[in-house]
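Subject: Structure for your files

Hello,

Please find the structure below, followed by notes on what was found in it.

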Amino acid sequence: MSKLLLSLTFFFLIPLSMIAQNKTITGKVVDESGSPVAGASVLARGSKKGVQTNKDGNFSITVTGSGNTELIISSVGFVTKMVTGNGNEPLSVQLVKEVVTQDDVVVVGYATTKRKDLTGSISSVSAKQLKDIPLTSAAEALQGKLAGVQVTASDGAPGADIVIRVRGGGSITQDNSPLYIVDGVQVDNALSVIAPQDIASYDVLKDASTTAIYGARGANGVVIITTKSGRSGRTIVSYNGSFGWRELPETQKVLNSYDFVRWQYERTRANSTDSSSFAQTYGTTWDTLNNYKNVPAINWQEEVFGRKATYRNHNVSMSGGNQATTFNLSLSASREDGLLLESGFDRKIANFRFDHKLNDKARVGFTVRYLDQAVRGAGTTNSGTRTTNRLRHSIQYRPFEVKNAPPADQFDEAYYQASNQIQNPVILTMAEYRRQETRAVYLTGYASYNLMKNLVFRTTLGYDNTGIRQELFYSKITPTARNASSLPTASIGEQRNQTISNSNTLQYNVNNFKKHHTFSVLIGEEIVQRDAKSNFTETRYFPADISPKNALANMGLGAAPTGATQPRPSSSVNPPYRLFSLFGRISYAYDDKFLVTLNDRMDRSSKFKYENGALNFMSGSAAWRFTKHKFMEKLGWLSDGKIRFGYGAVGNDRIGDLLYQQLYGVTGEYALNHNILPGFAPVALANEDLEWERNVTRNLGLDLSFLRGRINLSIDVYKNSAKNLLLQTPIPPTSGYTFQTRNLGATSNKGIEFQLGAEVIQKKNFTWTSNFNMGFNKNKIENLGGPTQITKSAGWQGTDGADDYLVRVGDPVGQMYGFVTDGFYQINEFDYNATTATYTLKAGVPTNISLYGAPQPGQIKYKDLNGDGVITVDGDRQVIGNANPKFSGGWNNQFVYKGFDASVFVNFVYGNDIYNANKIEWTDGAFTNLNMLNIMKDRFTYINDQGVRVTDPTQLAALNANAKIWTPIRTQRYYAHSWAIEDGSYLRINNLTVGYTIPKNIVTRAKISSFRVYATVNNLATLTSYSGYDPDVTTRRSDPLTPGVDFAGYPRARTWVFGVNVTF
Amino acid sequence: MKNKFINPFVKIAAFSFLIAGLTGGCKKFIEVEPVSQFSIPQVFSDVTNATTAVIGVYDELMGDNNYGIRINLYYPYDSDEMIVTGGIDGGRRDIGRYRLQLSNGELTNPFNALYRGIEKANLCIEQIPLMPQYTTGTAAEQKELKRLHGEVLTIRAQLYFELIRNWGDVPAPMIPAYRQTELFIPRSDRDSTYDKLLADLLKAEDLVPWRTEVARNERVTKGAVKALRAKMAMFRGGYSLRGRKGALGTMERRADYLTYYQMAKQECADLIANRAQHTLNPNYESIFKTYIAQGTYDPSYEVIFEAGAGGGNSNSDSRMGQYSGPSVNASSRYGSGGGGIQSLPNLFYAYDSADKRRDVSVTYYQVNANNTKQPRRLGELTDGKYRRDWKVPLQPAGLNLGFNWVFIRFSDVLLMFAEADNEISGGPTALAKQYYEEVRTRAFGGNASLIGTTPTDKVGFFNAIVDERLREFAGEGVRKFDLLRWNLLGTKIAAARARIQAITTATTSYPDSVWYKQVGEDIQFYAGANTALTAVPFYRPTNRPNPTTGWTGIQWRRHLTSNSAIDGLPLYNGFASFFTPGKSELFPFSQATLDAYQGKLEQNPGY
């Protein structure tokens, strides 16, 4: 019917308009640099008629009536312009670029808002800032870009976890990761499933006045990701491709062949078995050892990490549409090799976004995203102790081949036994096979309908389904296989997670009511359900030489020998996690001068007993745009100024399921007749009273915009206090449990953040854009719910050490705890008995006998803090480091000169400590045949240049006149001490990019609308005093209470990338 | 026209209904059920599930934090028999040297595991009798549930027994934690806890069957309950350290101790009267070498109560043979093992040369990479009941050998009877002597002529029991606790120091060096005129072959002169070097425990 009407209208209109003297106005729309603007909308005022400019920027519009007609020219990214034309001559319209940071639109809490009208604290990164950085990880792209958002990579492994904390994170033991909202729908772990090329912008909501509308899920901040959508107009096809390589910036210096042998000589003198073993392996006389001066050292780090690991990334996208329908299809594929042999990362992402306007009232849209990812290689680290981590083999393996041993490319069993299980790192890397495959589908959709004028109903639906399969294989030489009769072991773990969410909102807007009042009311409802299930199968005792692929494809092939059993398969299904919410928001603005937003949200979670499950969060924010007052308008240099204040409370329910019920799991096992039987065991001590954790935030912000928006400054001061923390509280172990999840404890984070953006130079041929941000945060534990302190172990040392983190009321999370290093014992601190050639510590000198046995000259010494003369774990440790930076930030500069562009991104972290556990491990002498860091070359020694053991005090003093460091610790005790705590401050040239866009007039001949080539280097240089591989490290991430440990981390690469961006 | 106006409102109304509907169904939506986990009623729904719950209680007997290594191989040393090897280290060696730091992780984990077992047992003890089948089920169901009930009562008693003998007065919850109104449970007097447990065990005796009535496995049977009750009664009637925090404590024994000796004697008498259930195996060595190391069953069932091991993991398997026993080279066909526990020279010489128990309890050899045995010096002997080189079939890889841990053997029952009877009767009765001699006769391979004269006076007989228990149970985690209940730990440590020094200078009794040669993989010692392959020279002061060609000499007695065997001290001073009477008889509560108690738990005396 309507079609018929439409045709009839056309039928009649055409002749009518002819009668009414039509005129045709033509023209060309260009930007500031004179380049044509394609797809700009040209609308005749007063009519509903509109056309679009073609690719050359030309338009032609036919309007009725004679005389002048006003045309409205608009295009995304430009200030809308009104021109007058009469059709007599072509118009030339120049559009001025919109200063993006002020009039950008932000999706905040189920609705869009203009950035300038924000009343809460938000940090944003736009596509413009992202485009130069050809990264495969969307999370890495955030590092240093946002004030108050700390992005820390756990290590340099391909696909490594990246920890994101918004303003420090409030919870002590629960997950502090933020909520991710992609195009209005929650997506778990979004940063690892979206290609950076598909992202249009990031907005991070930092205070409760903006996050509260998301309720509980937003308690740790909200990262809002907007993906690129199509634009009406010509279909644009573009290709972004890059290739390059990664390389290890530097290796750790270790002892060379001669120094290694010399140390082994010294190490084995005390024990006759060891010294005869030394003689068999390395030679019998001191003089023969000099031969090792000519033996070139094998740099195992180079062998294992030294390759130029290739990197390839392709992204093809096609976008376009008409006024009713827009779409964007993007396909990304990347394949990168890790530095470590056998490791790598492959990812394919398909992303399709579709938006359609059914009519004036209804819109629908959906996004389909498919991810297929594989992470290859076992990496260097896992959650276990020294014995199960791998980096040490590259440092501690003997740096040369010896005559009587197998060559360096073969497994040396005798050496493995003689060195406490050190293996050839290359062989070990090959011996452990790991592959993690992730396949995920994300579907999101929305529909909106204008029920009546200003009243919009909107519904969104999100569904994602992620399958993760982890395959592990340990060949016969690995420690894992050695525990199973030295036969290969394989395991397959599969996990499936599914999330469904639905939200429905009604929004009523009134603009400029009685000229002054603008307000909107939003009410809504939302449900979220998450399901997870997993299963795990491990088979041991495979045929000795089976390949990983064969083993993993034949899990039934392992046969347990007599007396041994195969592990039982396990599976687990979580009860569904459900959240039901109701929310509402009122925003009111008076004349753009005063802005007020009030939110209310009720969340009900299945994590709590029904009676405790609901929590009502109220929040609000207000802003005063003082520049809109007459008295301020005279200040021409200040184009916009706004003061914001926000206050809100949100909840957190990220704990295990059903902790309010006393439940049993099948975690016990006991052997009868040497056969394992499963046993029931209580999962945890139920706590019926569990309820929401509450996080109150207060934020005071100031936004200033100078020189017509060319300079923008935001300052935010905040204080967040979390209470009723869902804390794994230590309870008397006599209850049968050591912890119970309780609502106890409180933390606070306070800080200040600065963001400064400037269009420093805006010339026709040269622009310089600069963005700077910096955040200071101070974390404090206010209450631990009873105990005043808890100690935690980073766990790398197993039971051969003591807890090395202290969680204490009044201090921040991340306090490193240990002994204070006091050099080494000096010869004059001992009485020497010339008859027995023994040294006895003088009275009054503190002894560390309780740690490493009776002290001798040259042995490491700690401070006797309690003054009792004996260094003990109980009495002489203190806080020796703090993992929290004083401030961190970044500075991004982008330059454009004619066709050339360049950008430099620098990020910095200041004032944090790193617990360099690697250094403790790699300077230790508990076992023979291990290499050490080169710093130990200057150790205190008992062996003189003739190979004779010196005991006489005078000679020993002369021999060690220049000794800089203690003799390696000979007992297997890995205590944290202050020497291993290092300043983690750094300033990194994170990214340097140079690009060239080939002039249009050249490329258009090849039907290409733009063509850019570029070269980038990531991690170009780092200014730091840190002695490890890289200061951006936190390897023990399974426990949030032990941040800042550098142990067995995968070294970070420097990446060289060359690429093209082509748009057709 | 009309529709246009109404439509939006209808839609809003529908939307509101949707929300209202969801809110109404909210409770149903929000309350979710466990899937992989089980509620208490599900677990205690039938015999099979209840059995799985009881297996969960047994779980806390075995593994690295239980009787797999820590409780049974770390806690019973240093004593006057065996010690932990190596220098003090803040960990297990500090336990041996009695130099305990509150942060010592070796204390915390087993302590927590013992209480975890008690909590699991408390849940079963509460729930099993509440099951309808317990009272109204079929006869088979009732029998089986009663057995389960008796088993968990027994396991709980064993776990508390371990806690009390190491920590003294400990908090003693007897109901599950979810029923407790207050988790800061104060310490209970050990006498009243023992009395409760002894009563529980008496009850359990009627609930569980004799071992011949059921299939053979490691589950608790009537013999185990009775033997444990006897043992616990001996401890209830023995000495233990009492006192308050801050000061040193005193070793005390309750005035009514004979009541408990009587209780022990009665339980032992019941067991001895049922020899068809458990009796002595005529071959002492076979208990360990044949049955424990091969995982087979002793037809005499001398082992009355044991913890089962298997599965090759740290949770359900044991480390005996890998941590204890002779040092076995990792490259040998047996795999890496031993060396964690050292046998003291005085123990070696506590055995008569014909006593067959010496070469089971003490090992004087190590196994080299090429599988050959090599003798060790007198100051380097190791324990021997759980050895990797005895494992059949060979298991060269891994930490776990599947050796069960023996709690109580029949010889313990015989000797407990003799000891209790001597104390009650003011001297040994004929039965007491008979049982004592039965143990000794077996030790000499059944040759009663070698066992010597049994003392007839009370003190003499008691001392004979003290020495006999040393020889019979060396390396079984028994000695230190025996000495504690007799209040002899300090005395015997001092005596051992003196004895080792005496051995060092006993030039006319023991050889300075011994000479040996390799015969296949075994060792043959030079033993003068005795040319048997198995002859040993350890009791001959002079035994140097002449000429020495073909023989290798190693230090024996002379080795003890080393000045820095342990922590820079000679062996006789280095072991148990921080032993402090009035303190070291008990462990301290760890810092983690004290912190968790927020100052509401009093520390043991001396710490």
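In chain A of this predicted model, residues 24 or more positions apart account for 70% of the contacts with a separation of 6 or more (contact: heavy atoms within 4.5 Å). Along the principal axes, the C-alpha atoms of chain A fill a box of roughly 125 × 70 × 65 Å. Chain A has 18 helices and 53 strands (DSSP runs numbered from the N terminus: helices H or I, at least four residues; strands E, at least two). Of its 1064 residues, 55% are buried (buried: under 20% relative accessible area; exposed: over 50%; partly exposed: in between; 1.4 Å probe, protein chains only). The accessible surface of chain A is about 43,500 Å², and 55% of this belongs to carbon and sulfur atoms (Shrake-Rupley method, 1.4 Å probe; for residues, only the protein chains shown count as cover).

On conventions: residues are numbered from 1 along each chain as its sequence is written, and chains are lettered from A and ligands numbered from 1 in the order in which they are written. Local features need pLDDT of at least 70 and side-chain atom pairs count only at pLDDT 80 or more, while totals for chains, interfaces and linings use all residues; side-chain values use heavy atoms, with hydrogens and water left out.

The interface

Chain A and chain B bury about 7,000 Å² between them, 64% of it from carbon and sulfur atoms (buried area: the accessible area, 1.4 Å probe, that two parts lose on being put together, summed over both). A:Tyr664, A:Tyr670 and A:Phe680 supply 13% of the area that chain A buries against chain B, more than any other three residues. The contact takes 84 residues from chain A and 87 from chain B. Between the two chains the count is 0 salt bridges (a side-chain nitrogen of Lys or Arg within 4 Å of a carboxyl oxygen of Asp or Glu).

Salt bridges

Over all chains the count comes to 92. One of them pairs A:Glu432 with A:Arg390, with the closest N and O atoms 2.3 Å apart. This pair links distant parts of the chain, 42 residues apart: A:Glu432 is in strand β22 (residues 432-452), and A:Arg390 is in the loop between β21 (362-376) and α9 (391-396). Both A:Glu432 and A:Arg390 are buried.

In chain B, the side chains of B:Asp522 and B:Lys373 meet in a salt bridge (3.4 Å, N to O). B:Asp522, in strand β13 (residues 522-525), and B:Lys373, in strand β9 (residues 373-375), are 149 residues apart. B:Asp522 counts as partly exposed at 40% relative accessibility, and B:Lys373 counts as partly exposed at 22%.

The nonpolar patch

A:Phe594, A:Trp624, A:Phe631, A:Ile643, A:Phe645, A:Tyr647, A:Leu700 and A:Val717 make a nonpolar surface patch of about 730 Å². Patches are made of residues with over 30% relative accessible area and no salt bridge; like charges are joined within 9 Å, nonpolar side chains (Val, Leu, Ile, Met, Phe, Trp, Tyr) within 5 Å. Strand β30 (residues 638-652) gives the most to the patch, with 3 residues. A:Trp624 is found in strand β29 (residues 614-624) and counts as partly exposed at 34% relative accessibility.

Regards
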